[in-house]
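Student: I would like to go through the assignments in this model and ask what each label rests on.
Tutor: Go ahead; each label will be set against its cut-off.

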Amino acid sequence: MKLLASSAHATDASSQNIVALANDADPHQITLEGVDRIDLNFPKFTDGRAFSQAFLLRRRLGFKGEIRATGDVLVDQLAQMERSGFDVAVLRADQNLEVAQRVLATYPGHSVGKYQGDAVDIAPHFVTAAI
Amino acid sequence: MYHYTEFDRQFVQARADQYRDQLTRWQAGQLPEDEFRPLRLQNGWYVQRYAPMLRVAVPYGELSSAQVRVLATIARDYDQPDAALIEGAQATQDKLGPVLLKNGGSAHTKLSSGYAHFTTRQNLQYNWIPLSKSADVMDLLASVDMHGIQTSGNCIRNITSDERAGIAVDEIADPRPFGEIMRQWSTLHPEFAFLPRKFKIAISGAKEDRAAIGWHDVGLQIVKNDAGELGFKVLVGGGMGRTPIIGSVIREFLPWMQIMNYLEAVVRVYNRYGRRDNIYKARIKILVKAEGQKYFDAVEAEFKQIIEHDGAPHTITQAEYDRVAACFVAPTLGSAPTDVTPITTEEEAAYSRWLQQNVAAHQNPALRAVTLSFKRLGQAPGDATADQLNIAADLADRFSAGEVRVSHEQNLLLPWVHAEALPALWRAATQAGFAKANIHLLTDMIACPGGDFCALANARSLPIAEAITERYQDLDELHDIGEIDLHISGCINSCGHHHSGHIGVLGVDKDGKEWYSVSLGGSDGTVLSGPSQAGKAVGPSFSAAEVPDVIEAILNTYRQQREGRETFIATLRRVGAEPFKAAANGARFSAARKDTAEA
């Protein structure tokens, strides 16, 4: 997962076709054709709706572009974001990038493996372990 | 019991390591309190009225004696506050005053340490472990394949079941393999870590519902269809709290291998549409109540997508079911015990009462299921000291293949006891103080920790429980009253399940004082209690001192009104609540004084 400082996000003035989706919006209702990037929002880090939005976009709707986490993005939720289908996270301004990388790498369900299938790797542990 | 694989062990240890890192960052000021709180909660660490509280997960209530011994070690070595902390807490609680008894006695708050508490969700709690030692405790738990993962927070909580799972005579299929497979599915599920509110699942595999499935966010009942295939009846949207609601059937029959595909749909729709604007309206029951069929349709549509589009990725394979189920085959028991000293004439009366109340039939006719009572005078319901936990572990080793179960009624059950060993077990349990023959009787009451510990509580539960226990010490009287569910909660969060008590007591706060609302006619869904339903309040709330008298007045009314050996709840259902209400309200001190004045 790519981690961005909030300043890098603010100056990311590419000519991409970007859609910002409110976290109560239904991903099925937007047109994905020609969209390069979808920004999903965490108004508070404890509001988990964007995890389901990301799952639906990535897995259900097969969106191949970038899914970017914005808003109250903290280091301790990055692994959940990655597993739900986000590939870029814009860290809240006060978050430490080095800590973020370390915390992300050592997340259980990430470092040692995970129990359940997710948006990235849909097979649960019991399937992969049995092979 | 489920045997942890190397992967399961690494996972739990990685979780303990992760928690230690988070704690260290919090201690260093790098992680603000508001951002640490949800992380520690999802590891079982609360901060309560006076001290942190740790809730340890006991999946479907099953523990090995080795685990119980580590739980005892934690009680002995870590559940130890500074003297100043507990003395200060005691002094503050003392200001609330005693609960006075009619016999001139009184029940007080008596704070102690060095013990664990069995909860109504089959978990275990400690009240005094300092946060600075919390990471060490997680390491200790991990050493015996235990943890506090998702015992709090707005996520999928510990999955509970029938304490007689795998041994009940009325069992359709053992729920434990499914409980374990679902435990693994729900553990650190990335999408469902921040739901609108907590999410509780209970599963029953027997004809009688002993897991209160109707009272859960999701209740699962194992059933067989006409073709003899195994599956689940799925209930959704039950819960206690401020708005008690019984779960609705969303699926009459779901093939067993689909359960996690289906739960993904249930929880995903809830995660997307559950209310987040008001904590009291955030449980799934409110969404199900508001949307009704629309919610059911959304779940079915999502389930269809998971099956057809996603390829049914969470389908339980036969190989996985077999692997997990193999952990739950009945243990090989040694030969019948050598100590078969017969029960003497002096012992006969007490022993037969114990057999009647505390010993249940077993799938294996040579065995029995024995409940150790943790409901006795001098200790709060469900409390066990370090020594008592060690004794329970010894009893499990001697009499029950090293296994115990935590019941949601806050006792321990020994699941694998030779019928011939019952006299020896009874004597050992008597010596340990675990043989009170009161299981399912009045003093086998459920009570939450209440205002003596909990930051949410409006009033204390434990002095009320003690006052009633003290009033009803006569076993003859208790047996005469018969089987009855008395449930006490210190606040509307309902951890003491007051809604489902035949008699429910709920702590409420009025003008900063402790008051108690008393309700009648609740049911947890057992055969005795009838279909799950919430009790109804008898009237305005009572003072603490009035509560024991109100309970007595209600029970006296039952004894006057009953026909033959009719139970309390049957009498209440037959004659209606009115005479009981009148008796309860007549026990108000103000009413009594008024009556005297008018007389």
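Student: How many bridges join strand S20 of chain B to S21(B), and do the two run parallel or antiparallel?
Tutor: S20(B), residues 503-510, and S21(B) are joined by 8 bridges and run antiparallel. Pairing requires at least two bridges found by DSSP between the two strands, and the strands themselves are DSSP runs (E, at least two residues; helices are H or I, at least four), numbered from the N terminus. One bridge partner pair is Ile503(B) with Leu520(B) in S21(B).
The model is predicted: local features need pLDDT of at least 70, side-chain atom pairs count only at pLDDT 80 or more, and totals for chains, interfaces and linings use all residues. Residues are numbered from 1 along each chain as its sequence is written, and chains are lettered from A and ligands numbered from 1 in the order in which they are written.

Student: What lies between S20(B) and S21(B)?
Tutor: The two strands form a hairpin with 2 residues between them. In the turn, Asp511(B) has a positive phi of about 45°.

Student: Which other strands pair with S21(B)?
Tutor: S23(B), residues 542-543, is joined to S21(B) by 2 bridges in the antiparallel sense, with Tyr516(B) opposite Phe542(B). S22(B), residues 536-537, also pairs antiparallel with S21(B) over 2 bridges, and there Ser519(B) stands opposite Ala537(B).

Student: Why is S21(B) called largely enclosed by the rest of the structure?
Tutor: Because 6 of the 8 residues of S21(B), residues 513-520, are buried. A residue is buried if 20 or more other C-beta atoms lie within 10 Å of its own, exposed if 12 or fewer, and partly exposed in between, with C-beta atoms placed from the backbone.

Student: What makes Gln122(B) buried?
Tutor: Gln122(B) has 26 C-beta neighbours inside 10 Å, so it counts as buried. Gln122(B) lies in the loop between strands S6 (115-118) and S7 (124-126) of chain B, and its phi is positive, about 65°, although it is not a glycine.

Student: How many C-beta neighbours does Ala212(B) have inside 10 Å?
Tutor: The count is 25, so Ala212(B) is buried. Ala212(B) sits in the loop between strands S9 (201-204) and S10 (218-224) of chain B. Its phi is positive at about 50°, and Ala212(B) is not a glycine.

Student: Why is Asp139(B) called partly exposed?
Tutor: Because 13 other C-beta atoms lie within 10 Å of Asp139(B), that residue is partly exposed. Asp139(B) belongs to helix H5 of chain B, residues 134-142.

Student: Why are H14(B) and H16(B) called oblique to each other?
Tutor: The axes of H14(B), residues 462-471, and H16(B), residues 546-561, cross at roughly 45° and come within 9 Å. Angles under 35 degrees count as roughly parallel, over 145 as roughly antiparallel, 65 to 115 as roughly perpendicular and the rest as oblique; H14(B) and H16(B) are therefore oblique. Axes are lines fitted to C-alpha atoms, for helices over the stretch in contact, and angles run from 0 to 180 degrees between N-to-C directions.

Student: Which residues of H14(B) and H16(B) meet?
Tutor: Ile464(B), Ala467(B), Ile468(B) and Arg471(B) in H14(B) meet Val547(B), Pro548(B), Ile551(B) and Glu552(B) in H16(B). Contact means that the C-beta atoms, placed from the backbone, lie within 7 Å. By class, this contact has 6 nonpolar, no polar and 2 charged residues. Ala, Val, Leu, Ile, Met, Phe, Trp, Tyr, Cys and Pro count as nonpolar, Asp, Glu, Lys and Arg as charged, and the others, Gly among them, as polar.

Student: What makes S1 and S2 of chain A edge strands?
Tutor: The open sheet of 5 strands in chain A has the order S1-S5-S4-S3-S2, with parallel pairing. S1(A), residues 2-4, and S2(A), residues 18-21, each have a single partner strand, so one side of each is left without a neighbour in the sheet.

Student: How many residues of chain B are in contact with chain A?
Tutor: 33 residues of chain B are in contact with 33 residues of chain A. H1(B) gives the most to the chain B side, with 8 residues. That side divides into 13 nonpolar, 11 polar and 9 charged residues.

Key
Two residues are in contact if their C-beta atoms, placed from the backbone, lie within 7 Å.
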